[in-house]
Amino acid sequence: MTLNKRKTEERIFKFLMMASTVIVTGSLLVIIGTIVVKSLPALRLTMLTQTPKGGYYLGKEGGILNAIVGSLYLASGATLLAVLVSLPIVLYLNLYTKKASALATFTRFSLDVLWGIPSIVYGAFGFIVMMTLGLRASLLAGIFIVGLLELPIMARAMDEVIRLIPQALIDASYSLGATKLETALKVIVKQSLPGILTAVLIAFGRGIGDAASVIFTAGFTDSIPTSLLQPAATLPLAIFYQLGSPLLEVQQRAYASAAILTLIILAISLISRVLIKKFTRHTIR
Amino acid sequence: MDFPTHLRIQNLSVSYGDHLALKDVSLDVPDKKITVIIGPSGCGKTTLLKSLNRLLDSVDGVKIRGNIFVDDEDIYDPRVEVTHIRKKMGLLSQKPQVLPMSVFDNIAYGPKIHGTSDRKKLSRIVERELRAAGLWDEVKDRLHEPASQLSVGQQQRLCLARGLAVEPEIILGDEPTSALDPQSSRIVEQRLIELKSDYTVIVVTHILRQGRRIADYLAFLYLGELVEHGPAEEVFAHPKDPRTRAYLTGEIS
Amino acid sequence: MRHLKDLIARRAMFLLTAVPGFLVLSMLFGLLQKSRAILALKSFSGLLFGSGWHPLKGEFGFLPFLMGTLWVTLVAMVLAVPISLLTAVYLSEYAPKFIREFTKPVIDLLAGIPSVVYGVWGVLMIVPFVGKVLAPLFGVYSSGYSVLSGGIVLAIMVFPTIIHVALEVFSSVSHELRETSLSLGATKWETVKYVVLRKGLQGIIAAVVLGLSRAFGETMAVLMVVGNVAKIPKSVFDPAYPLPALIANNYGEMMSVPLYDSALMLAALVLLLVVLVFNLGARFVLMKAERRAE
């Protein structure tokens with residue numbers, strides 16, 4: 001090939017690469033833009049402050065407060081559950097087991113597997129567990145399944161940050177006479193706090209946005225749940241059901257709900273970015 | 001200058017962000033000799049070497065001032081074709097960098113890229129270069145196996161042969177023996193000495209003894225500054241600058 | 001006292017560490033257990049390759065749904081793989097710093113957007129685009145709710161997965177190796193094509209497989225745009241009914257029709273197994289590639 005041809009080939013591919021990058025980044029802007037623009041006719045404050053009037057499927061009045069509150073309850077509970085399970089696991093993996101031990105390898109491997117399992121399968125599994133236990137669709141069941149769904153996401157993200165802590169820092173803590181537990185809580189958790197918080201937020205974001213796992217487990221209702229055993233509405237399902245309505249007004253409400261969910265996700269992502277910036281100043285690099 | 005040269009560095013300064021890596025370096029590199037650049041690590045040796053074939057271009061936030069002339073062509077002139085400059089200079093890295101392909105394809109890589117597609121011709125080039133590198137007998141039965149399966153010493157000789165297959169004028173060695181065992185190091189050094197009859201060789205090293213063994217011309221770089229340069233015997237025997245003296249006696253390292 | 005606390009904590013943590021493994025096994029076991037009812041009456045291959053879906057008559061053929069999933073996934077991958085890889089190459093080899101810094105959070109956000117939102121967007125934009133612009137262009141009729149719409153939405157959803165893994169793979173290719181190729185007079189593109197892509201080949205395959213398995217199991221977004229007609233699609237403009245959508249759509253009825261729940265749980269099991277195999281394969285390849293890089 002002559003130099004000119006080689007250069008032309010490079011130019012063509014560079015153009016394709018830039019075009020691809022524009023497509024990828026552009027799709028985010030187009031998605032958010034479309035949702036926001038389409039939601040404007042229905043986006044009113046009452047969407048945030050009222051529960052649906054006349055049923056979520058046909059009602060044109062009221063809001064989606066039931067779904068917002070339901071989603072917040074559900075995602076908060078699930079995230080709490082996931083933290084309580086995944087933080088000890090990650091600490092145990094990094095502090096008590098050797099890197100190549102069978103338990104550590106098997107657990108990390110299981111987390112990888114769980115991470116790849118689609119949320120609809122979590123939903124189906126939750127359904128089986130509920131049937132076995134004789135539970136009905138409820139906030140509790142939803143929290144349980146979404147918590148499990150968040151577990152691998154959170155644990156893997158935490159593991160990635162905690163693995164980076166220099167061994168010297170851990171050794172220094174031991175040599176001051178600290179037990180493993182004290183080292184875990186006072187050195188490791190403190191040192192990797194921004195990373196841990198980011199992991200928590202990422203998992204929360206996934207939890208609040210997932211629909212396939214809650215269809216079976218959390219159910220849906222027009223009212224705000226007052227106990228863990230009542231079914232709970234969630235934002236993603238509210239969007240899904242509203243969109244399925246034959247009424248144009250209700251469909252528009254789906255767009256507005258989607259805009260609200262998107263804003264929540266954007267806010268979470270923004271907060272985690274700010275957190276990282278703020279905290280990383282205080283940690284040892 | 002009292003020696004022929006076709007590689008001239010004039011007032012070269014290189015900075016990465018705020019860090020000034022090379023300060024106003026000027027050096028004429030003698031033709032068909034081995035020029036050894038010595039200095040403690042972090043003194044800018046590698047930066048100097050990589051500025052010669054414009055590998056620094058791709059580094060984020062790098063600023064290059066000054067001129068480098070190869071055959072009276074300023075290589076930092078925007079009109080200059082960078083692949084052309086690089087083809088003129090064969091680079092031998094610290095660790096052998098075999099390309100992820102067979103032994104044969106490693107050697108043929110350069111010629112293929114520069115337009116040789118005839119299989120027979122490529123075979124001839126590969127055999128010629130491997131023979132010249134003294135590798136032919138060792139690898140002739142493994143030409144189509146991945147080059148990564150060769151020993152580290154063989155890999156480095158392969159890399160040198162690969163560099164020569166594009167018919168460069170200048171050979172740049174960036175501490176080329178630092179990853180090798182003593183015996184492979186000797187083979188590579190020997191090869192560099194043989195090559196100076198046809199090529200201009202520049203080797204960066206922090207091993208003083210290596211400098212003594214192979215250098216015809218010596219340049220001492222310290223904290224980005226070209227402290228002293230001259231014929232190797234002269235500099236080794238009578239360093240003029242106190243810093244060079246300190247380095248040669250092992251006071252700074 | 002401190003040491004007692006340490007001991008208790010240690011035991012508790014050990015127990016929790018068993019959770020992930022236990023969870024994987026109990027999902028497999030639970031779904032298998034529930035599928036048994038239908039597997040006892042019908043052969044597995046008959047279920048997988050049967051094309052009749054009439055739950056009320058006790059006929060459960062998964063073929064239309066498997067084909068629906070395959071079609072949608074295939075279209076998504078055909079679109080996503082080149083675009084994602086080109087983007088990853090651009091970001092890792094060509095893009096100036098400010099573009100990289102702008103793009104990273106955008107891709108993270110793209111990964112964070114909930115799948116229903118993708119679905120809503122698909123309904124608003126992609127479905128009409130396919131139905132009113134693309135289909136007439138090819139001289140066919142389509143409602144827009146089609147394999148192609150599902151594929152396009154899904155492609156965008158897997159961009160971040162493929163790009164992330166590919167970027168990691170590219171960054172594991174050493175700078176020196178690139179310099180080696182460049183110093184032989186290769187252009188940047190030649191270096192990418194012959195060295196970076198080849199060195200990272202296994203990792204790239206893993207990236208694609210991970211994207212594939214994500215696409216395979218994605219439910220809500222696809223369900224909303226793909227039309228959900230239980231027939232094997234004949235073209236990309238036809239509607240399809242992927243396996244995950246089948247499960248999600250029918251939980252209401254499944255309790256009242258005999259064997260229906262068992263059939264759906266079998267569908268979930270198939271989904272789980274396929275995704276499991278994909279993921280394991282990808283992890284295995286990545287691990288091998290990492291070991292080779294060292």
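Numbering starts from 1 along each chain as its sequence is written, with chains lettered from A and ligands numbered from 1 in the order in which they are written. Because the model is predicted, local features need pLDDT of at least 70 and side-chain atom pairs count only at pLDDT 80 or more, while totals for chains, interfaces and linings use all residues; side-chain values use heavy atoms, without hydrogens or water.

**Stop 1: chain B by itself**

You'll find 10 helices and 10 strands, taken as DSSP runs numbered from the N terminus (helices are H or I, at least four residues; strands are E, at least two). The C-alpha trace spans about 55 × 45 × 35 Å along its principal axes. For 253 residues, a compact globule would have a radius of gyration near 18 Å, and chain B agrees at 18 Å (taken over C-alpha atoms; the rule is 2.2 Å times the number of residues to the power 0.38).

Colour by accessibility next. Buried residues make up 58% of the 253 in chain B, where buried means under 20% relative accessible area, exposed over 50%, and partly exposed in between (1.4 Å probe, protein chains only). Of the contacts in chain B with a separation of 6 or more, 67% are between residues 24 or more positions apart; contact means heavy atoms within 4.5 Å.

Stay on chain B and pick N11(B), in strand β1 (residues 5-16). Its phi is near 50°, a positive value in a residue other than glycine. Most residues other than glycine have a negative phi. N11(B) counts as partly exposed, at 44% relative accessibility.

**Stop 2: where B meets C**

Show chain C alongside chain B. Here 22 residues of chain B are in contact with 21 residues of chain C. The area buried between chain B and chain C is about 1900 Å², with carbon and sulfur atoms giving 60% of it; buried area is the accessible area (1.4 Å probe) that two parts lose on being put together, summed over both. Now select Q97(B), P100(B) and Y109(B): they supply 28% of the area that chain B buries against chain C, more than any other three residues.

**Stop 3: where A meets C**

Then go to L181(A), in helix α8 (residues 180-191) of chain A. L181(A) is buried, at 14% relative accessible area. Leaving aside neighbours within four places in sequence, L181(A) is in contact with Y96(A), K5(C), D6(C) and A9(C).

**Stop 4: two loops in chain C**

Bring back all the chains and select T187(C), in the loop between α8 (175-183) and α9 (188-199) of chain C. What does T187(C) touch, not counting residues up to four places away in sequence? The list is R6(A), E10(A), T83(B) and L182(C). T187(C) is buried, with a relative accessible area of 3%.

Finish at N228(C), in the loop between α11 (220-225) and α12 (243-249). Phi of N228(C) is near 55°, a positive value in a residue other than glycine, and N228(C) is partly exposed at 21% relative accessible area.
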